[in-house]
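This report describes a pocket and a nonpolar core. The structure under discussion is shown below.

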Amino acid sequence: MSDIIERLFQVIQDRRTADPLNSYVASLQQAGLNRILEKVEEESVEVVTAAKDAVISQDTSDVVKETADLWFHSLVMLDCLGETPTSIFTELERRFGISGIAEKQSRKN
């Protein structure tokens, strides 16, 4: 499953320095981190709204689409910050097998 994330991240890296008039990724990178964070925030709200609507409609297609948008913009953010999906995979793997409660408690130390 991580293959698609890695492939998408490679496209994001390839496009970061493209002409902003021809590349959405380049236009976001040119606008800077604050603009990218605004998009992450916007997509987060759209995911929450879609999930709430899905409870009523019993249709999760918008949740899937909005989550894809959120993941995409999160990858653009990671690239802007010089991070990679591998860092996220490593962190998730570190947490695997640890209860959520124990993991949260470990952050307080």
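The largest pocket of this predicted model has a volume of about 400 Å³. A pocket is an open set of points on a 1 Å grid over the protein atoms alone, where a 1.4 Å probe fits, with protein on both sides within 12 Å along at least five of seven lines; the volume is the space filled by probe spheres set on the points. The lining comprises 15 residues, and Ile-5, Trp-71, Leu-75, Ile-88 and Phe-89 lie nearest the centre of the pocket. Two or more lining residues come from each of H1, H4 and helix H5 (85-95), and H4 has the largest share, 6 residues. By class, the lining holds 13 nonpolar, 2 polar and no charged residues.

The largest nonpolar core has 14 residues, and Ile-12, Val-25, Ile-36, Phe-72, Leu-75 and Val-76 touch the most other members. Such a core joins buried residues (under 20% relative accessible area) through side-chain atoms within 4.5 Å.

Not counting residues up to four places away in sequence, Leu-75 touches Ile-5, Leu-8, Phe-9, Ile-12 and Pro-85 (heavy atoms within 4.5 Å).

Residues are numbered from 1 along each chain as its sequence is written. Local features need pLDDT of at least 70, side-chain atom pairs count only at pLDDT 80 or more, totals for chains, interfaces and linings use all residues, and side-chain values use heavy atoms, without hydrogens and water.

Terms used:
Buried < 20%, exposed > 50% of the residue type's maximum accessible area, 1.4 Å probe, protein only. 1 Å grid on protein atoms, 1.4 Å probe; cavity = no way out; pocket = protein on both sides within 12 Å on 5 of 7 lines; lining within 4 Å. Helix = DSSP H or I, 4+ residues; strand = E, 2+ residues; numbered from the N terminus. Nonpolar A, V, L, I, M, F, W, Y, C, P; charged D, E, K, R; others polar.
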